[in-house]
Amino acid sequence: MVCMMNADLHCHSVISDGTLTPEALAERAKANGVELWALTDHDEVGGQDRALAAARAQGLPYLTGTEISVTFAHQTVHIVGLGFDHHNTALAEGLRRTRGGRSERAQEMSDGLAKVGILNCYEGALKYVGNPELISRTHFARHLVETGVCSDTSEVFRKYLTEGKPGYVPHRWARLQEAVQWITEAGGIAVIAHPARYGFTPNEEYALFSEFKAHGGRGVEVITGSHSSPESVRYAETALEFDLAASRGSDFHSPDESRIDLGTLPFLPGQLTPVWDLLADRIL
């Protein structure tokens with residue numbers, strides 16, 4: 001048994017680290033058969049009005065979205081927010097503070113790369129940034145591919161932008177409790193994004209889900225672009241264990257970089273509660 005809604009509730013535009021505009025994403029989602037869409041740019045809601053207008057122009061049901069970076073157990077974890085009031089001032093201010101350290105971090109990343117002979121990376125990365133407040137490792141990766149330092153973005157991350165490598169600089173993000181609170185107080189639902197990516201020990205992962213639930217979190221991505229089939233099965237079981245709704249999203253960034261296109265994921269297992277069932281009155 002499966003849930004047959006082709007919802008894609010996780011993707012990124014040029015407002016953060018994607019390569020397509022909100023309008024182009026809406027068109028692509030509609031063309032790929034998406035039946036419910038959300039744009040979830042990193043730590044930002046500046047593309048929401050454009051995404052909503054574009055979705056309406058396509059006749060595509062829409063949920064507001066964002067993806068908030070949090071620090072948990074010394075790692076960056078992403079919390080997707082869905083169905084909130086994107087004009088909520090407390091949410092906007094929280095996201096602004098979360099974005100605040102990115103420019104300084106990017107300069108440090110560039111300095112680290114310069115020490116191994118890769119110069120002017122900050123300026124190079126800026127060419128790929130739609131919003132300078134949201135400069136990220138992905139923008140550096142695109143620059144290093146374009147200049148021939150690496151053959152693809154995966155090689156960049158492997159050689160330069162992960163812990164212990166020359167361009168890696170950690171950043172202190174929001175706290176888990178803050179991110180969940182901003183989303184829920186703005187009328188939305190908080191969802192743990194792509195949980196298999198974090199590499200937590202079983203104890204750390206149990207702590208993440210337990211604290212998330214205690215703070216009011218209500219969902220987890222079960223079907224997502226970076227999950228293998230066994231990982232999707234595992235997190236379907238986790239959703240049931242913690243009584244969480246299940247979400248589905250490609251985490252699409254770019255036609256040239258993403259493993260999974262918008263709207264092409266497997267369906268949710270039918271025994272789970274889809275997160276959109278909890279957000280029926282927030283679909284626009």
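The C-alpha centres of domain 1 and domain 2 lie 25 Å apart. Where the two domains touch, 15 residues of domain 1 and 11 residues of domain 2 take part in the contact, with contact meaning heavy atoms within 4.5 Å. Domain 1 covers 7-99 + 173-278 and domain 2 covers 102-159; such bounds come from an automatic or database domain assignment.

A word on the basis: this is a predicted model, in which local features need pLDDT of at least 70, side-chain atom pairs count only at pLDDT 80 or more, and totals for chains, interfaces and linings use all residues. Residues are numbered from 1 along each chain as its sequence is written, and side-chain values use heavy atoms, leaving out hydrogens and water.

On a 1 Å grid over the protein atoms alone, a cavity is a set of points where a 1.4 Å probe fits but cannot get out, while a pocket is an open set with protein on both sides within 12 Å along at least five of seven lines; lining residues have an atom within 4 Å of a point. Grid points are joined across faces, edges and corners, and a volume is the space filled by probe spheres set on the points.

The largest pocket has 40 lining residues, and H78, R137, T138, F157 and R197 lie nearest its centre. Both domain 1 and domain 2 give at least three residues each to this lining. Helices (H or I, at least four residues) and strands (E, at least two) are DSSP runs numbered from the N terminus; β4, β5, α4, α6 and α7 each supply at least two residues of the pocket lining.

The structure holds 1 cavity of 30 Å³ or more. Its lining is made up of R102, R105, A106, M109, I135, S136, R137 and F140, and α4 gives the largest share, 4 residues.

| Space | Volume |
|---|---|
| Largest pocket | about 1,600 Å³ |
| Largest cavity | about 30 Å³ |

Is R102 buried or exposed? R102 counts as buried because its relative accessible area is 6%, and buried means under 20%, exposed over 50% and partly exposed in between (1.4 Å probe, protein chains only). Beyond its neighbours within four places in sequence, R102 is in contact with residues including H42, D43, E133 and W173.
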